[in-house]
Amino acid sequence: MPEWLNALPKAELHLHLEGSLEPELLFSLAERNQITLPWADVETLRAAYAFNNLQEFLDLYYAGANVLRTEQDFYDLTWAYLQRCKAQNVIHVEPFFDPQTHTDRGIPFEVVLRGIQQALLDGEKQLGISHGLILSFLRHLPEEEAFKTLEQAMPFRDAFIGVGLDSSEKGFPPRLFERVFAKARSEGLHAVAHAGEEGPPEYIWEALDLLKIKRIDHGVRAIEDERLMQRIIDEQIPLTVCPLSNIKLCVFEHMGQHNILEMLERGVKVTVNSDDPAYFGGYVGENFAALHEHLGMTEDQARRLAQNSLDARLV
Ligand SMILES: Nc1ncnc2[nH]cnc12
Ligand SMILES: [Zn+2]
C-alpha cells in the first residue's frame, strides 16, 4: 500500500467485530476453550473463504463466532482489531457487535459487552483511538428478539452509542424493525442499518423513512433509483461502503465495476470500510489500496473519502 494512503487519518464506520476474527486467533481461541473445529487447520479454513452471496458468508461467520466464549476472548478479538487500526492510521472506530450471535449460544450479554468495552477503553488510552460502539440486531430473527436484546442492553446504556441492523438482507426488510428502532431512538440511541447491499433501493427508503437512520451501511444499490440518489445527495446521508466485501460477496463482479468513485463524484457522502476484514481480504487500508489499484482512485479522491469518514462519525 502506498505510504501516503496509509498515513491518511481515517475513521472506520462499518466493521463487525466478529468479522475481524482472523483464522489464527480463531484456532488459538478454540484451543484455549477446548473446542473441536470442523476445519483441520488455518489453511483449510482460509480456503473455505469463497462465497457466492451474503448468506454463504454468514453461515461461516456465525460458525466461526462459536469460539468466542469468555470476556477475555472478546477482549482479545477487539484488541487485535485495534492494533490493525493503529498500523493503518485509523484514528476513530464505530464497530458493530451482534449480541444475539452470542446470547443465543448461552453467552451472557455482559460477558460479550465487558470484553469489548475494556479493549475499546484500553485502545483509547494506549493507542489514541476513539470509539463509539454500535449494537446490531440480527434481521433474520423476529423483532421480538431484538426487543429482548435491547432490554438486556439497557443496563449498559452508556457503553454504546447506537443500534444497527445486519445479517441476511433479502426477505427481511427494514419495516419489520420499525418499533424496536423507535424504542432505541427514544432512549437517545443513534440508528444505522444495512440496506441496499443485496436488497433493493426500497429497503434504503424504508431504513430512512421508517427506521430514521443517520447513516446507510453499504447502500451501493441506491444508484438504481435516481430519486433516492437525489435525496442522499441533498441530505448528505453518509454511506459506509465496503469495496472488498462487495467483491467477495459478488455484489459486483470485479473491483473495476464498483460504483464508489462514481457516487463520490456525484456528491454522495461515501466512506471506505472493511466490513469483515478477516474474511474479505483486508482492513481499511487494503480497501483504499484496491480502489487505487483497480479504479484509479487519485490522491485527491482518497483524501475526500477519508475526510468523509471523519465527517460521518456519530460521536
Ligand atoms: N456484510 C454484511 N451484511 C450483513 N450482515 C453482516 N454481518 C456481518 N457482515 C455483514
Ligand atoms: Zn456489514
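This is a predicted model: local features need pLDDT of at least 70, side-chain atom pairs count only at pLDDT 80 or more; totals for chains, interfaces and linings use all residues.
Select His14 and His16: both residues are buried.

**Stop 1: the zinc ion**

Which atoms coordinate the zinc ion? They are NE2 of His14, NE2 of His16, NE2 of His194 and an OD atom of Asp275. The distances run from 2.0 to 2.2 Å.

Now check the geometry. The 4 donor atoms of the zinc ion (ligand 2) make angles of 84 to 174°. Four donors count as tetrahedral only if all angles lie between 85 and 135 degrees. The site of the zinc ion is classed as irregular.

Next, trace the donors along the chain. Their spacing reads H-x1-H-x177-H-x80-D.

**Stop 2**

Select Asn273. Its place is the loop between strand 10 (270–272) and helix 14 (277–280). Asn273 has 0% relative accessibility, so it counts as buried.

Show its side chain and look for backbone partners. A polar side-chain atom of Asn273 sits 3.2 Å from the backbone nitrogen of His14. The Asn273 side chain also reaches the backbone nitrogen of Leu13, at 2.8 Å. His14 itself is one of the zinc ligands from the previous stop.

**Stop 3: ligand 1**

Select ligand 1 and display its surroundings. The residues around ligand 1 are His16, Leu54, Phe57, Leu58, Tyr61, Asp166, Ser167, His194, Glu197, His218, Asp275 and Asp276. Among them, His16, His194 and Asp275 also coordinate the zinc ion (ligand 2).

Which side chains place a polar atom by a nitrogen atom of ligand 1?

- Asp276: a polar side-chain atom lies 2.7 Å from a ligand 1 nitrogen.
- Glu197: an N or O atom of the side chain is 2.8 Å from a ligand 1 nitrogen.
- His16: a polar side-chain atom lies 3.3 Å from a ligand 1 nitrogen.

**Stop 4: His218**

Stay with the surroundings of ligand 1 and select His218, one of the residues listed there. His218 is in strand 8 (residues 215–218). At 0% relative accessibility, His218 is buried. Check its backbone too. Phi of His218 is near 75°, a positive value in a residue other than glycine.

**Stop 5: the aromatic cluster**

Go back to Phe57 and Tyr61, which are also among the residues surrounding ligand 1. Is this pair buried or exposed? Both Phe57 and Tyr61 are buried.

The whole structure holds 13 aromatic pairs. In the Phe57–Tyr61 pair, the ring centres are 5.2 Å apart and the planes meet at 45°, so the pair is tilted. Phe57 and Tyr61 are 4 residues apart in helix 4 (residues 54–64), so about one helical turn separates them.

Ring pairs join Tyr49, Phe51, Phe57, Tyr61, Tyr62, Tyr279 and Phe280 into a cluster.

**Stop 6: Tyr283**

Move along the chain to Tyr283. Tyr283 is in the loop between helix 14 and helix 15 (284–295). With 6% relative accessibility, Tyr283 counts as buried. Draw a C-alpha distance to Glu12: it is 9.4 Å, across 271 residues of sequence.

**Stop 7: the loop between helices 12 and 13**

Select Cys250 and Met255. Cys250 lies in the loop between helix 12 and helix 13, and Met255 is in the loop between helix 12 (243–248) and helix 13 (260–266).

How do their accessibilities read? Cys250 is partly exposed, with a relative accessible area of 44%. Met255, at 8%, counts as buried.

Check phi at Cys250: it is positive, about 65°, although Cys250 is not a glycine. From Met255, draw a C-alpha line to Glu178. The two are 77 residues apart in sequence and 34 Å apart in space.

**Last stop: Ile223**

Select Ile223, in the loop between strand 8 and helix 11 (226–234). Ile223 has a relative accessible area of 26% and is partly exposed. Finish with a C-alpha distance from Ile223 to Pro200: 10 Å in space, 23 residues in sequence.

Notes
Residues are numbered from 1 along each chain as its sequence is written. Chains are lettered from A and ligands numbered from 1 in the order in which they are written. Side-chain values use heavy atoms; hydrogens and water are left out. Rings of Phe, Tyr and Trp (its six-membered ring) pair if their centres lie within 6.5 Å; planes under 30 degrees apart count as stacked, over 60 as edge-to-face and the rest as tilted. Helices (H or I, at least four residues) and strands (E, at least two) are DSSP runs, numbered from the N terminus. Buried means under 20% relative accessible area, exposed over 50%, partly exposed in between (1.4 Å probe, protein chains only). Donors are N, O and S atoms within 2.8 Å of the metal (3.2 Å for Na, K and Ca); water is not among the atoms, so sites may look incomplete. Four donors count as tetrahedral if all angles lie between 85 and 135 degrees; four count as square planar and six as octahedral if opposite donors are over 155 degrees apart and all others between 65 and 115; anything else is irregular. A residue is near a molecule or strand if one of its heavy atoms lies within 4 Å of it. A polar contact is a pair of N or O atoms within 3.5 Å; within protein, one must be able to donate a hydrogen and the other to accept it, and residues adjacent in sequence count only if both atoms are side-chain atoms.
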